[in-house]
Amino acid sequence: MEAAGPRSRDARGRAASQPGSRAEKSPPESRKVYMDYNATTPLEPEVIQAMTEAMQEAWGNPSSPYPAGRKAKEIINAARENLAKMIGGRPQDMIFTSGGTESNNLVIHSVVKHFHKIHAAVGDTAEHPSPVEGALPHIITCTVEHDSIRLPLEHLVEEQVAEVTFVPVSKVNGQAEAEDILAAVRPATCLVTIMLANNETGVIMPVPEISRRVRALNQQRAAGGLPGVLVHTDAAQALGKRRVDVRDLGVDFLTVVGHKFYGPRIGALYIRGLGELTPLYPMLFGGGQERNFRPGTENTPMIAGLGKAAELVAENCEAYEAHMRDVRDYLEERLAAEFGKRIHLNSQFAGTERLPNTCNFSILGPQLQENRDVKLDIITRTTRYSVRQRVRILRVLPGS
(Lines give C-alpha, C1' and ligand atoms only; values in the text may rest on other atoms or scores of the structure.)
Protein backbone atom coordinates (compact mmCIF):
# COMPACT_ATOMS: atom_id res chain seq x y z
CA MET A 1 0.00 0.00 0.00
CA GLU A 2 2.22 2.83 -1.17
CA ALA A 3 1.35 6.16 0.38
CA ALA A 4 0.79 8.90 -2.17
CA GLY A 5 -0.45 12.43 -1.96
CA PRO A 6 -2.84 14.08 -4.44
CA ARG A 7 -1.49 14.54 -7.95
CA SER A 8 -2.38 16.97 -10.69
CA ARG A 9 -4.34 15.83 -13.72
CA ASP A 10 -1.19 16.06 -15.86
CA ALA A 11 0.76 14.01 -13.36
CA ARG A 12 -1.97 11.41 -13.33
CA GLY A 13 -1.83 11.26 -17.11
CA ARG A 14 1.94 10.76 -17.11
CA ALA A 15 1.74 7.97 -14.54
CA ALA A 16 1.09 5.39 -17.24
CA SER A 17 4.37 6.05 -19.03
CA GLN A 18 6.86 6.89 -16.30
CA PRO A 19 10.44 5.98 -17.34
CA GLY A 20 11.46 2.67 -15.92
CA SER A 21 7.95 1.71 -14.93
CA ARG A 22 6.92 -1.94 -15.13
CA ALA A 23 4.09 -1.01 -17.51
CA GLU A 24 6.52 0.58 -19.99
CA LYS A 25 8.88 -2.42 -20.06
CA SER A 26 6.20 -5.07 -20.34
CA PRO A 27 4.88 -6.10 -23.76
CA PRO A 28 1.21 -5.16 -24.33
CA GLU A 29 -0.06 -8.73 -24.06
CA SER A 30 1.42 -9.11 -20.55
CA ARG A 31 -0.03 -5.92 -19.07
CA LYS A 32 -2.72 -6.56 -16.53
CA VAL A 33 -4.94 -4.23 -14.55
CA TYR A 34 -6.54 -5.74 -11.46
CA MET A 35 -9.93 -4.17 -10.75
CA ASP A 36 -11.36 -6.44 -8.06
CA TYR A 37 -9.82 -5.03 -4.89
CA ASN A 38 -13.19 -5.04 -3.15
CA ALA A 39 -13.16 -8.84 -3.47
CA THR A 40 -9.61 -9.29 -2.23
CA THR A 41 -6.31 -7.43 -2.15
CA PRO A 42 -2.80 -8.77 -2.71
CA LEU A 43 -0.55 -9.11 0.30
CA GLU A 44 1.57 -6.08 1.08
CA PRO A 45 5.31 -6.97 1.03
CA GLU A 46 5.70 -5.93 4.68
CA VAL A 47 2.80 -8.25 5.55
CA ILE A 48 4.50 -11.14 3.77
CA GLN A 49 7.69 -10.38 5.66
CA ALA A 50 5.90 -10.37 9.02
CA MET A 51 4.21 -13.68 8.23
CA THR A 52 7.47 -15.26 7.05
CA GLU A 53 9.33 -14.18 10.18
CA ALA A 54 6.54 -15.57 12.35
CA MET A 55 6.72 -18.93 10.59
CA GLN A 56 10.48 -19.04 11.05
CA GLU A 57 10.86 -17.65 14.55
CA ALA A 58 7.50 -18.13 16.30
CA TRP A 59 6.57 -21.68 15.32
CA GLY A 60 5.83 -22.67 18.92
CA ASN A 61 2.42 -23.11 20.49
CA PRO A 62 1.42 -19.69 21.90
CA SER A 63 0.16 -21.42 25.07
CA SER A 64 3.58 -22.96 25.74
CA PRO A 65 6.19 -21.49 28.14
CA TYR A 66 9.33 -22.16 26.07
CA PRO A 67 10.92 -19.41 23.93
CA ALA A 68 9.23 -20.24 20.61
CA GLY A 69 5.85 -20.28 22.35
CA ARG A 70 6.50 -17.02 24.19
CA LYS A 71 7.59 -15.42 20.93
CA ALA A 72 4.33 -16.50 19.30
CA LYS A 73 2.30 -15.06 22.19
CA GLU A 74 4.17 -11.76 21.93
CA ILE A 75 3.38 -11.53 18.21
CA ILE A 76 -0.30 -12.24 18.84
CA ASN A 77 -0.49 -9.61 21.58
CA ALA A 78 1.21 -7.01 19.37
CA ALA A 79 -1.16 -7.77 16.50
CA ARG A 80 -4.14 -7.37 18.81
CA GLU A 81 -2.87 -3.97 19.86
CA ASN A 82 -2.40 -2.90 16.24
CA LEU A 83 -5.94 -3.98 15.34
CA ALA A 84 -7.36 -2.08 18.29
CA LYS A 85 -5.42 1.03 17.33
CA MET A 86 -6.67 0.84 13.75
CA ILE A 87 -10.32 0.99 14.86
CA GLY A 88 -9.99 3.08 18.04
CA GLY A 89 -10.85 0.20 20.37
CA ARG A 90 -9.20 -1.65 23.25
CA PRO A 91 -6.99 -4.72 22.73
CA GLN A 92 -9.02 -6.70 25.26
CA ASP A 93 -12.12 -6.19 23.11
CA MET A 94 -10.60 -7.89 20.04
CA ILE A 95 -11.07 -11.57 19.18
CA PHE A 96 -9.27 -13.21 16.25
CA THR A 97 -11.39 -15.30 13.89
CA SER A 98 -10.92 -17.14 10.61
CA GLY A 99 -12.51 -14.28 8.65
CA GLY A 100 -15.53 -12.07 8.15
CA THR A 101 -17.98 -14.93 7.73
CA GLU A 102 -17.10 -16.41 11.10
CA SER A 103 -17.17 -13.00 12.78
CA ASN A 104 -20.60 -12.18 11.39
CA ASN A 105 -22.02 -15.59 12.29
CA LEU A 106 -20.56 -15.34 15.77
CA VAL A 107 -22.37 -12.06 16.38
CA ILE A 108 -25.71 -13.30 15.07
CA HIS A 109 -25.71 -16.59 16.96
CA SER A 110 -24.46 -14.94 20.15
CA VAL A 111 -27.24 -12.38 20.19
CA VAL A 112 -29.93 -14.98 19.49
CA LYS A 113 -28.60 -17.24 22.25
CA HIS A 114 -28.40 -14.32 24.67
CA PHE A 115 -32.01 -13.38 23.96
CA HIS A 116 -33.23 -16.92 24.69
CA LYS A 117 -31.05 -17.23 27.78
CA ILE A 118 -32.09 -13.91 29.34
CA HIS A 119 -35.79 -14.16 28.65
CA ALA A 120 -36.05 -17.79 29.63
CA ALA A 121 -34.52 -16.84 32.98
CA VAL A 122 -36.85 -13.87 33.39
CA GLY A 123 -39.85 -16.01 32.61
CA ASP A 124 -38.87 -18.50 35.31
CA THR A 125 -38.54 -15.94 38.11
CA ALA A 126 -40.78 -12.96 37.34
CA GLU A 127 -44.23 -12.56 38.86
CA HIS A 128 -45.52 -10.94 35.69
CA PRO A 129 -44.95 -12.24 32.15
CA SER A 130 -42.12 -10.70 30.17
CA PRO A 131 -43.26 -8.26 27.45
CA VAL A 132 -41.59 -10.54 24.90
CA GLU A 133 -42.58 -13.88 26.43
CA GLY A 134 -43.14 -16.43 23.66
CA ALA A 135 -41.71 -14.18 20.97
CA LEU A 136 -38.76 -15.11 18.79
CA PRO A 137 -35.72 -12.83 18.82
CA HIS A 138 -36.00 -10.25 16.06
CA ILE A 139 -33.11 -8.93 13.97
CA ILE A 140 -33.03 -5.98 11.57
CA THR A 141 -30.68 -5.72 8.60
CA CYS A 142 -30.77 -4.28 5.09
CA THR A 143 -31.26 -5.79 1.65
CA VAL A 144 -27.72 -5.16 0.40
CA GLU A 145 -25.79 -7.00 3.10
CA HIS A 146 -23.10 -9.55 2.32
CA ASP A 147 -24.19 -13.21 2.16
CA SER A 148 -22.39 -13.89 5.45
CA ILE A 149 -25.11 -11.79 7.07
CA ARG A 150 -28.07 -12.57 4.84
CA LEU A 151 -27.73 -16.35 4.66
CA PRO A 152 -27.36 -17.09 8.40
CA LEU A 153 -30.35 -14.84 9.05
CA GLU A 154 -32.42 -16.62 6.42
CA HIS A 155 -31.37 -19.94 7.94
CA LEU A 156 -32.57 -18.82 11.38
CA VAL A 157 -35.91 -17.86 9.89
CA GLU A 158 -36.23 -21.21 8.12
CA GLU A 159 -35.45 -23.03 11.38
CA GLN A 160 -37.98 -20.81 13.19
CA VAL A 161 -35.30 -19.69 15.61
CA ALA A 162 -35.57 -15.97 14.89
CA GLU A 163 -37.47 -13.39 12.89
CA VAL A 164 -35.75 -10.95 10.53
CA THR A 165 -36.69 -7.70 8.82
CA PHE A 166 -34.76 -6.76 5.68
CA VAL A 167 -34.99 -3.00 5.25
CA PRO A 168 -34.52 -1.79 1.63
CA VAL A 169 -31.98 0.90 0.84
CA SER A 170 -33.18 4.26 -0.36
CA LYS A 171 -33.36 4.88 -4.10
CA VAL A 172 -32.46 8.49 -3.39
CA ASN A 173 -29.17 7.99 -1.54
CA GLY A 174 -28.36 4.26 -1.67
CA GLN A 175 -28.35 4.05 2.13
CA ALA A 176 -30.26 2.08 4.71
CA GLU A 177 -31.85 5.06 6.41
CA ALA A 178 -31.97 5.34 10.19
CA GLU A 179 -35.65 6.25 10.10
CA ASP A 180 -36.51 3.00 8.30
CA ILE A 181 -34.35 0.97 10.70
CA LEU A 182 -36.05 2.45 13.75
CA ALA A 183 -39.49 1.97 12.23
CA ALA A 184 -38.79 -1.77 11.97
CA VAL A 185 -38.00 -2.20 15.68
CA ARG A 186 -40.32 -4.53 17.61
CA PRO A 187 -40.51 -5.43 21.32
CA ALA A 188 -38.42 -8.55 20.64
CA THR A 189 -35.78 -6.78 18.52
CA CYS A 190 -32.31 -7.63 19.83
CA LEU A 191 -29.90 -6.76 17.01
CA VAL A 192 -29.44 -4.28 14.19
CA THR A 193 -26.70 -5.26 11.73
CA ILE A 194 -25.85 -2.81 8.94
CA MET A 195 -22.67 -2.87 6.85
CA LEU A 196 -20.45 0.19 7.12
CA ALA A 197 -19.83 0.44 3.36
CA ASN A 198 -21.40 -1.40 0.47
CA ASN A 199 -19.03 -3.50 -1.62
CA GLU A 200 -20.89 -2.85 -4.91
CA THR A 201 -21.66 0.87 -4.75
CA GLY A 202 -19.17 2.10 -2.16
CA VAL A 203 -21.98 3.96 -0.36
CA ILE A 204 -21.25 4.66 3.32
CA MET A 205 -24.14 3.70 5.57
CA PRO A 206 -25.27 6.07 8.36
CA VAL A 207 -24.09 3.73 11.13
CA PRO A 208 -23.27 6.51 13.67
CA GLU A 209 -26.79 7.90 13.38
CA ILE A 210 -28.35 4.45 13.64
CA SER A 211 -26.29 3.70 16.76
CA ARG A 212 -27.15 7.02 18.37
CA ARG A 213 -30.87 6.53 17.83
CA VAL A 214 -30.75 2.94 19.02
CA ARG A 215 -29.03 4.03 22.25
CA ALA A 216 -31.73 6.60 22.86
CA LEU A 217 -34.39 4.00 22.15
CA ASN A 218 -32.76 1.54 24.55
CA GLN A 219 -33.28 3.94 27.43
CA GLN A 220 -37.01 3.90 26.75
CA ARG A 221 -37.05 0.12 26.28
CA ALA A 222 -35.30 -0.49 29.59
CA ALA A 223 -38.02 1.42 31.42
CA GLY A 224 -40.62 -0.85 29.82
CA GLY A 225 -38.79 -4.10 30.56
CA LEU A 226 -37.86 -4.66 26.91
CA PRO A 227 -34.49 -6.08 25.81
CA GLY A 228 -31.79 -3.73 24.68
CA VAL A 229 -30.96 -3.61 20.99
CA LEU A 230 -27.33 -4.25 20.06
CA VAL A 231 -25.70 -2.76 16.94
CA HIS A 232 -23.25 -4.57 14.66
CA THR A 233 -21.49 -3.33 11.55
CA ASP A 234 -19.53 -5.35 9.02
CA ALA A 235 -16.65 -2.97 8.29
CA ALA A 236 -14.94 -5.25 5.75
CA GLN A 237 -15.06 -2.81 2.83
CA ALA A 238 -14.37 0.36 4.78
CA LEU A 239 -11.15 -0.58 6.55
CA GLY A 240 -8.04 0.67 4.77
CA LYS A 241 -10.07 3.05 2.61
CA ARG A 242 -11.32 5.49 5.23
CA ARG A 243 -10.84 6.13 8.93
CA VAL A 244 -12.88 3.76 11.09
CA ASP A 245 -13.35 4.47 14.80
CA VAL A 246 -15.67 2.39 16.96
CA ARG A 247 -16.14 5.30 19.34
CA ASP A 248 -17.53 7.48 16.56
CA LEU A 249 -19.60 4.62 15.15
CA GLY A 250 -21.08 3.77 18.56
CA VAL A 251 -21.41 0.07 17.69
CA ASP A 252 -21.34 -2.95 19.98
CA PHE A 253 -19.74 -5.25 17.39
CA LEU A 254 -17.51 -4.58 14.38
CA THR A 255 -16.22 -7.12 11.86
CA VAL A 256 -12.65 -6.90 10.54
CA VAL A 257 -11.54 -8.74 7.37
CA GLY A 258 -7.81 -8.79 6.66
CA HIS A 259 -7.74 -9.55 2.96
CA LYS A 260 -9.66 -6.36 2.19
CA PHE A 261 -6.72 -4.17 3.31
CA TYR A 262 -3.66 -6.03 2.02
CA GLY A 263 -3.56 -8.53 4.85
CA PRO A 264 -4.05 -12.31 4.91
CA ARG A 265 -7.35 -14.20 4.81
CA ILE A 266 -8.05 -13.98 8.50
CA GLY A 267 -10.43 -11.80 10.47
CA ALA A 268 -11.25 -10.35 13.84
CA LEU A 269 -14.24 -9.20 15.81
CA TYR A 270 -14.50 -6.14 18.03
CA ILE A 271 -16.91 -6.49 20.96
CA ARG A 272 -17.51 -3.38 23.07
CA GLY A 273 -16.76 -4.26 26.69
CA LEU A 274 -16.33 -7.95 25.94
CA GLY A 275 -17.71 -10.04 28.79
CA GLU A 276 -18.83 -6.93 30.68
CA LEU A 277 -21.11 -4.75 28.54
CA THR A 278 -21.70 -6.87 25.44
CA PRO A 279 -22.46 -10.61 25.42
CA LEU A 280 -20.58 -13.10 23.27
CA TYR A 281 -21.12 -16.85 23.22
CA PRO A 282 -18.60 -19.20 21.59
CA MET A 283 -19.61 -21.39 18.67
CA LEU A 284 -16.59 -23.64 19.33
CA PHE A 285 -15.27 -25.32 22.46
CA GLY A 286 -11.71 -26.41 23.02
CA GLY A 287 -8.48 -25.39 24.67
CA GLY A 288 -9.53 -22.00 26.02
CA GLN A 289 -7.71 -19.73 23.58
CA GLU A 290 -9.02 -16.20 23.01
CA ARG A 291 -10.43 -16.30 26.55
CA ASN A 292 -12.66 -19.23 25.54
CA PHE A 293 -14.62 -17.06 23.11
CA ARG A 294 -12.85 -18.52 20.07
CA PRO A 295 -10.81 -21.55 21.15
CA GLY A 296 -8.28 -23.31 18.95
CA THR A 297 -4.51 -22.98 18.71
CA GLU A 298 -3.86 -19.55 17.25
CA ASN A 299 -2.60 -19.23 13.67
CA THR A 300 0.39 -17.08 14.56
CA PRO A 301 1.68 -16.28 11.03
CA MET A 302 -1.74 -15.16 9.80
CA ILE A 303 -2.31 -13.09 12.93
CA ALA A 304 1.12 -11.52 12.49
CA GLY A 305 0.20 -10.53 8.94
CA LEU A 306 -3.13 -9.10 10.03
CA GLY A 307 -1.43 -7.07 12.72
CA LYS A 308 1.11 -5.66 10.27
CA ALA A 309 -1.60 -4.73 7.76
CA ALA A 310 -3.54 -2.99 10.55
CA GLU A 311 -0.41 -1.13 11.60
CA LEU A 312 0.12 0.16 8.05
CA VAL A 313 -3.50 1.29 7.81
CA ALA A 314 -3.30 3.13 11.13
CA GLU A 315 -0.16 4.95 10.00
CA ASN A 316 -1.12 5.76 6.41
CA CYS A 317 -4.90 5.71 6.03
CA GLU A 318 -5.27 9.38 5.14
CA ALA A 319 -2.65 9.11 2.39
CA TYR A 320 -4.24 5.93 1.02
CA GLU A 321 -7.68 7.54 1.00
CA ALA A 322 -6.48 10.70 -0.75
CA HIS A 323 -4.70 8.77 -3.45
CA MET A 324 -7.54 6.35 -4.12
CA ARG A 325 -10.03 9.21 -4.37
CA ASP A 326 -7.73 11.03 -6.79
CA VAL A 327 -7.47 8.05 -9.13
CA ARG A 328 -11.17 7.16 -8.85
CA ASP A 329 -12.21 10.68 -9.73
CA TYR A 330 -9.87 10.69 -12.70
CA LEU A 331 -11.29 7.38 -13.89
CA GLU A 332 -14.81 8.78 -13.72
CA GLU A 333 -13.75 11.93 -15.57
CA ARG A 334 -12.28 9.84 -18.38
CA LEU A 335 -15.29 7.53 -18.53
CA ALA A 336 -17.63 10.49 -18.84
CA ALA A 337 -15.43 12.07 -21.52
CA GLU A 338 -15.21 8.86 -23.57
CA PHE A 339 -18.78 7.60 -23.32
CA GLY A 340 -20.81 10.77 -22.70
CA LYS A 341 -24.50 10.09 -22.16
CA ARG A 342 -24.04 6.34 -22.66
CA ILE A 343 -22.51 5.97 -19.22
CA HIS A 344 -24.19 6.25 -15.85
CA LEU A 345 -22.21 6.49 -12.62
CA ASN A 346 -24.51 4.55 -10.34
CA SER A 347 -23.04 5.38 -6.95
CA GLN A 348 -22.93 9.16 -7.26
CA PHE A 349 -25.82 10.05 -4.96
CA ALA A 350 -26.13 13.71 -4.05
CA GLY A 351 -25.05 14.31 -0.48
CA THR A 352 -24.03 10.68 0.13
CA GLU A 353 -20.50 9.77 1.13
CA ARG A 354 -18.90 6.82 -0.65
CA LEU A 355 -15.66 4.88 -0.54
CA PRO A 356 -12.73 6.53 -2.31
CA ASN A 357 -11.75 3.36 -4.18
CA THR A 358 -15.05 2.22 -5.69
CA CYS A 359 -16.71 3.18 -8.95
CA ASN A 360 -19.96 1.52 -10.04
CA PHE A 361 -21.06 2.36 -13.57
CA SER A 362 -23.29 1.19 -16.40
CA ILE A 363 -22.68 1.57 -20.14
CA LEU A 364 -25.70 1.58 -22.40
CA GLY A 365 -25.41 0.65 -26.06
CA PRO A 366 -27.12 -1.42 -28.81
CA GLN A 367 -24.40 -4.09 -28.70
CA LEU A 368 -25.12 -4.62 -25.00
CA GLN A 369 -28.87 -5.08 -25.34
CA GLU A 370 -30.39 -8.54 -25.16
CA ASN A 371 -33.30 -7.39 -27.33
CA ARG A 372 -32.69 -4.51 -29.73
CA ASP A 373 -36.42 -3.80 -29.90
CA VAL A 374 -36.54 -3.08 -26.16
CA LYS A 375 -34.96 0.07 -24.81
CA LEU A 376 -32.85 -0.62 -21.73
CA ASP A 377 -32.99 2.22 -19.25
CA ILE A 378 -30.44 1.06 -16.70
CA ILE A 379 -27.77 -1.43 -15.91
CA THR A 380 -26.59 -3.59 -18.79
CA ARG A 381 -23.16 -4.13 -17.37
CA THR A 382 -21.71 -3.02 -14.04
CA THR A 383 -18.03 -2.95 -13.24
CA ARG A 384 -16.48 -2.35 -9.84
CA TYR A 385 -13.21 -0.47 -9.87
CA SER A 386 -10.74 -0.38 -7.01
CA VAL A 387 -7.18 0.78 -7.38
CA ARG A 388 -3.73 1.13 -5.85
CA GLN A 389 -0.98 3.47 -7.01
CA ARG A 390 0.56 0.82 -9.28
CA VAL A 391 -2.64 0.42 -11.31
CA ARG A 392 -2.36 2.52 -14.47
CA ILE A 393 -5.87 3.05 -15.75
CA LEU A 394 -4.95 5.10 -18.83
CA ARG A 395 -3.68 2.01 -20.61
CA VAL A 396 -7.08 0.31 -20.64
CA LEU A 397 -9.24 3.26 -21.63
CA PRO A 398 -10.12 4.04 -25.25
CA GLY A 399 -7.71 6.45 -26.86
CA SER A 400 -4.93 5.91 -24.31
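Modeller: M94 stands opposite Y270 in β7, where strands are DSSP runs (E, at least two residues) numbered from the N terminus. This is a predicted model: local features need pLDDT of at least 70 and side-chain atom pairs count only at pLDDT 80 or more, while totals for chains, interfaces and linings use all residues. Residues are numbered from 1 along each chain as its sequence is written, and side-chain values use heavy atoms, with hydrogens and water left out.

Strand β1 (residues 94-97) is joined to β7 by four bridges, and the two run antiparallel; strands count as paired if DSSP finds at least two bridges between them. Strand β6 (residues 253-257) also runs antiparallel to β7, through five bridges. Within that pairing, T255 has L269 as its bridge partner.

β7 itself spans residues 267-271, and five of its five residues are buried (under 20% relative accessible area, with exposed over 50% and partly exposed in between; 1.4 Å probe, protein chains only). On one side these are G267, L269 and I271, and on the other A268 and Y270, so that both faces are covered.

A268 is in contact with L83 (heavy atoms within 4.5 Å). Beyond four places in sequence, L83 also touches M94, F96, V256, L306 and A310. L83 is among the residues with the most contacts inside the largest nonpolar core, which has 51 residues; such a core is a set of buried Ala, Val, Leu, Ile, Met, Phe, Trp, Tyr and Cys residues joined through side-chain atoms within 4.5 Å. L269 belongs to a second, separate core of 24 residues, which also includes F115, L153 and A162.
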